[in-house]
Amino acid sequence: MNIPINKKTNALLLRYEHDRAVSDPAARAAIEQAGMEAHQYVESVAVHELDAERNVRKQRPQDWAGAFAENDRFAEALMRQEAELGVNHLAVHLFPLAPLMLGMHLASRLDRRPLCVYQQNPNGDWWLGYQRDQAPSEEPYFEVEGLPTGPQGGRGHVALIIEVTRSIRGKAVAQFKERHPSALLATVVLRPVRGVAPTAFEGPAQAARAALQFRQVLDTLHEHLEGCESVLLAMDGPGSLAAALGTAINPETQHPLRLHHFDQGTSTYVPVHLLRPRRKEERPAALLTPERMNEATRVLEKVRDVHQRLATWLREPEQAALVDRIHGADFLESHIGGAPELSSGPLYRHVNGSWNFHADLLLGLGALRQSLASDEDWNECVRLLLVHEAFHVGQGGLTSYNYSGSGRTGFVLEVADFDADAMAIEVALAWRRARRGGDVREQGETRTVEQIVWNVVESLRVFEPVRPVLELSERRLRRYLIWFFHACRLSALARRAKDAPGLGLVTMEIVGLSTFPDPDEEYAQQRIRLDHFEKATPVVVAVYFQRRLVREENHRAWVERLFKVIRDWESMPLDEARDAVRLIFEELFSRHRALVASGS
């Protein structure tokens with residue numbers, strides 16, 4: 001996202017047009033009416049220009065992620081361009097015509113800068129509703145009900161209702177209780193001291209006091225309710241006041257805030273976003289040094305070369321059947337974006353034939369080359385990633401940008417991922433046969449497929465945001481177990497069979513691990529720590545493969561050894577790490593010989 005600012009720019013007129021267009025002359029007139037310069041060096045910018053086809057109100061709640069990501073991209077692009085120009089926090093005049101929760105979120109991303117938010121009258125005129133440097137009114141704006149006065153135990157959620165224009169507590173609280181039975185730790189209601197009414201909000205002094213009180217409420221909840229998993233927020237009121245309250249939000253020091261939008265069609269409050277501490281990989285692009293940006297760009301050029309060579313090879317007539325199997329017709333015409341992606345959000349995107357890779361992923365791929373034995377292994381890891389994602393696109397668009405909350409259906413996604421990985425392995429084997437046929441014949445296809453599967457593991461690990469890997473979601477752990485199983489099984493079979501057996505879907509699960517809610521996901525997903533075990537809880541390992549069920553009780557030591565290898569992966573030579581996993585799985589196979597039967 002490029003924002004048209006320069007060193008002379010004094011302020012931005014920010015149009016937020018989800019619902020209707022913002023008239024530039026009317027907006028500038030409002031800025032002048034508020035006593036500020038509206039023309040000289042004031043640039044007019046849109047975060048979201050009016051587009052009926054992208055009307056967020058018509059989308060499913062789980063598909064609002066793109067609108068919130070748009071806010072993130074704007075805030076990060078503004079910060080990056082300010083840093084490049086040597087400009088310190090431009091003033092922003094925000095004119096929001098959007099759902100309350102989107103306006104609140106956008107304002108929360110514009111912290112530490114002069115901010116004015118305007119409110120539109122029915123006749124189309126605007127008036128100043130909030131100004132960050134405005135002194136708050138002496139009189140409290142909100143009366144606060146239900147706020148805990150001291151520490152309180154238990155785990156669950158808090159219902160936080162803000163009713164300004166009309167009363168909503170009955171409907172909102174009833175729906176929260178229905179979704180979270182027996183899990184509401186408190187119900188807190190904020191309403192104007194003077195009463196709920198369409199005229200209850202009058203201007204900047206009240207908005208400043210309201211924002212101050214809102215911050216105090218969020219801070220108090222964080223102080224008194226240690227077991228609160230999230231604060232469920234519903235609001236009815238003016239858009240400028242919602243944005244003012246957004247300036248009080250600090251996910252780093254407050255409980256996660258789950259934003260709810262009132263859907264007129266269903267008359268329900270639906271969750272559309274979770275404001276939480278930003279993930280480490282969602283760092284602002286301004287924190288990327290020029291040297292690291294140059295490195296990411298260099299890696300992107302290598303990825304582009306791998307993509308072009310793969311597409312050229314797949315266009316050959318001999319590969320036509322293979323292209324059909326991987327649903328890869330669109331891949332042949334796809335292209336790699338021209339620069340590393342810098343905004344928060346997915347580490348890669350594949351949409352309308354264009355691949356965009358986040359700088360963090362590119363840096364991870366660059367680091368991966370240092371641990372692999374050869375450039376060809378690195379190229380194969382990239383090909384595995386490309387074919388995996390191209391297969392998902394061919395399945396009907398199962399991608400990072402439109403399958404929001406995929407972890408909600410983790411077991412279904414696990415099978416889809418297995419098929420995508422299996423197709424990527426098939427392409428990798430065909431590539432090796434065509435380009436390195438002598439090596440394949442010499443070592444045999446079983447050993448060759450084993451090598452490819454180990455590269456599948458490396459293409460998985462490149463997505464881990466923190467090294468060493470100390471935590472994993474249960475779903476992601478199962479995916480590692482699947483490919484460890486197959487790599488080690490192929491290693492065992494290669495000693496007596498050169499023809500590679502079919503891989504076959506394997507389900508592998510470890511039960512009895514200590515889990516906790518994943519703080520980085522908006523849906524309910526459990527994570528496990530790789531360095532912590534509850535000693536009193538039995539650990540069970542279960543495997544289902546080729547219609548055989550294996551169940552092992554009380555093999556905690558086996559699991560602990562496996563997890564230690566996963567944790568120490570980067571600190572060990574790659575061959576040593578793989579040998580350690582082979583040895584661990586060979587012990588499993590020696591106890592259950594049927595798992596390494598050569599039949600497919």
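Q: What should I know about the ground rules first?
A: This is a predicted model, where local features need pLDDT of at least 70 and side-chain atom pairs count only at pLDDT 80 or more, while totals for chains, interfaces and linings use all residues. Residues are numbered from 1 along each chain as its sequence is written, and side-chain values use heavy atoms, with hydrogens and water left out.

Q: How many helices and strands are in the chain?
A: Helices (H or I, at least four residues) and strands (E, at least two) are DSSP runs, numbered from the N terminus. Here the chain has 17 helices and 20 strands.

Q: Why can I call the chain as compact as a globular protein of that length?
A: You take the radius of gyration over C-alpha atoms and hold it against the globule rule, 2.2 Å times the number of residues to the power 0.38. The rule gives 25 Å for 600 residues and the chain comes out at 27 Å, which is close, so the chain is as compact as a globular protein of that length.

Q: What share of the residues in the chain is buried?
A: Go by relative accessible area: buried is under 20%, exposed is over 50%, and partly exposed is in between (1.4 Å probe, protein chains only). Buried residues make up 53% of the 600 in this chain.

Q: What share of the contacts comes from residues 24 or more positions apart?
A: A contact means heavy atoms within 4.5 Å. Among contacts in the chain with a separation of 6 or more, 74% are between residues 24 or more positions apart.

Q: How many positive and negative side chains are there?
A: Lys and Arg count as positive, Asp and Glu as negative, with His and the chain ends not counted. Each charge is placed at NZ of Lys, CZ of Arg, CG of Asp or CD of Glu. The chain has 72 positive and 81 negative side chains, and the centres of the two sets are 3 Å apart.

Q: How many disulfides does the structure hold?
A: You look for a pair of cysteine sulfur atoms within 2.5 Å. The structure holds 0 disulfides. As for individual cysteines, Cys116 is buried at 6% relative accessibility, and Cys228 is buried at 7%.

Q: Which residues touch Leu300, setting aside neighbours within four places in sequence?
A: Start with where Leu300 sits: helix 7, residues 290-314, buried at 1% relative accessibility. Its partners beyond those neighbours are Ile336, Gly337, Gly338, Ala339, Pro340, Phe357 and Leu362. His307 also lies in helix 7 and is buried at 3%. His307 touches Phe331, Ser334, His335, Ile336, Trp355 and Leu386, not counting residues up to four places away.

Q: Where is Leu385, and is it buried or exposed?
A: Leu385 lies in helix 11, residues 375-396, and is buried with a relative accessible area of 9%. Outside four places in sequence, Leu385 is in contact with Phe357 and Phe463.

Q: What is the phi of Tyr41, and of Arg547?
A: Most residues other than glycine have a negative phi. Tyr41, not a glycine, has a positive phi of about 60 degrees. Tyr41 is in the loop between helix 1 (24-33) and strand 2 (42-48), partly exposed at 36%. Arg547 has a positive phi too, about 65 degrees. Arg547 is in the loop between strand 19 (540-545) and strand 20 (548-553), and at 78% relative accessibility Arg547 counts as exposed.
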